[in-house]
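User: I am new to this structure and would like to learn how to read it. Please take me through it feature by feature.

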Amino acid sequence: MRHEKQIAVPKFGIKAQKALEESTIAIIGCGALGSLQAEMLVRMGAKNLRIADGDHVTIGNIHRQLLFTEAHAEEKRLKVEAAKEELLRINRNAEILTKPRYITSENIDDFINGADIVLDAVDDVEARFLTNDSCLKAGIPWIYTGVAGSQGMIMPVIPGEGPCLRCLYPHPPEKEDSANCANSGILPMTVTMAVSMQLTQAIKILTGEAETGTLIKFDCMEPKVRKIRVPVREGCACRDEYKTIKYK
Ligand SMILES: [Zn+2]
């Protein structure tokens, strides 16, 4: 009963429902992207989530971080704790494992170990490349998702089956050279559109229907959505160092 309307959609169906309910999903970041990913996943029936973020809710977050309220900001709540509380109000039986820390090279392997998929929800170039490399090593698919201003980019990365973030960007850009919420601002519409596309890709991966080598770019103000083919890059770590590691 709870999920009958989404199961009724033929492109989703019982297969995607079961995949969501049986998967462990790790979310790196609990800001605009991460809190919305978690909320939609729990509403849709995901039962096992992990969320990591060391940040606290501020009043400037509320316009785009839909799970948080003025009270959370006034109380300077840790984002992962406030999110967990709200998520359990949506489904009291969900298992939400929170890590009130920023993801670093020291703790990422432990955080993603055993997850079926990892969702990028950071606003930080370094953390994103760390996610790429750790997921390649562990054989766990992840979905790159970057948002800034009115634009977003989404690319699923599946170890052993297609390009990775280093195929797309051979040299990680400097923090100040990449568009992010701090230097470009961010619209809530950009966030909701990105999360919708990211979760669709996640469900495709979990049901074995992933689209590898596809970068989705959009501008929600135009509106314009483009799909760009991304090849596996000669000499990339995903082709050499990690080539024998397959998506489990
Ligand atoms: Zn690569």
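Analyst: What follows goes from the overall fold to single residues. This is a predicted model, in which local features need pLDDT of at least 70 and side-chain atom pairs count only at pLDDT 80 or more, while totals for chains, interfaces and linings use all residues. Residues are numbered from 1 along each chain as its sequence is written, and side-chain values use heavy atoms, with hydrogens and water left out.

User: How many helices and strands does the protein have?

Analyst: Helices (H or I, at least four residues) and strands (E, at least two) are DSSP runs, numbered from the N terminus. Here there are 10 helices and 8 strands. The radius of gyration, taken over C-alpha atoms, is set against a globule rule of 2.2 Å times the number of residues to the power 0.38. For this protein the radius is 17 Å, close to the 18 Å that the rule gives for 248 residues, so the protein is as compact as a globular protein of that length. Its C-alpha trace spans about 50 × 45 × 40 Å along the principal axes.

User: What percentage of the residues count as buried?

Analyst: Buried means under 20% relative accessible area, exposed over 50%, and partly exposed in between (1.4 Å probe, protein chains only). Of the 248 residues, 53% count as buried.

User: Which residues of the largest nonpolar core touch the most other members?

Analyst: A nonpolar core is a set of buried Ala, Val, Leu, Ile, Met, Phe, Trp, Tyr and Cys residues joined through side-chain atoms within 4.5 Å. In the largest core, of 48 residues, they are Leu20, Ile25, Ile27, Leu41, Leu49, Ile51 and Leu119. Helix H10 (residues 188-206) gives the largest share of this core, 9 residues. A second, separate core has 29 residues, including Ala52, Ile103, Cys135 and Tyr144.

User: Which backbone features elsewhere deserve a look?

Analyst: Most residues other than glycine have a negative phi, and most peptide bonds are trans. Lys76, which is not a glycine, has a positive phi of about 50 degrees. Lys76 lies in the loop between helix H4 (70-74) and helix H5 (79-90), and is exposed, with a relative accessible area of 60%. The peptide bond from Glu222 to Pro223 is cis, with omega near -10 degrees. Pro223 sits in the loop between strand S7 (214-219) and strand S8 (224-229).

User: Is Glu106 buried or exposed?

Analyst: Glu106 is exposed, with a relative accessible area of 71%. Its place is in the loop between strand S3 (95-99) and H6.
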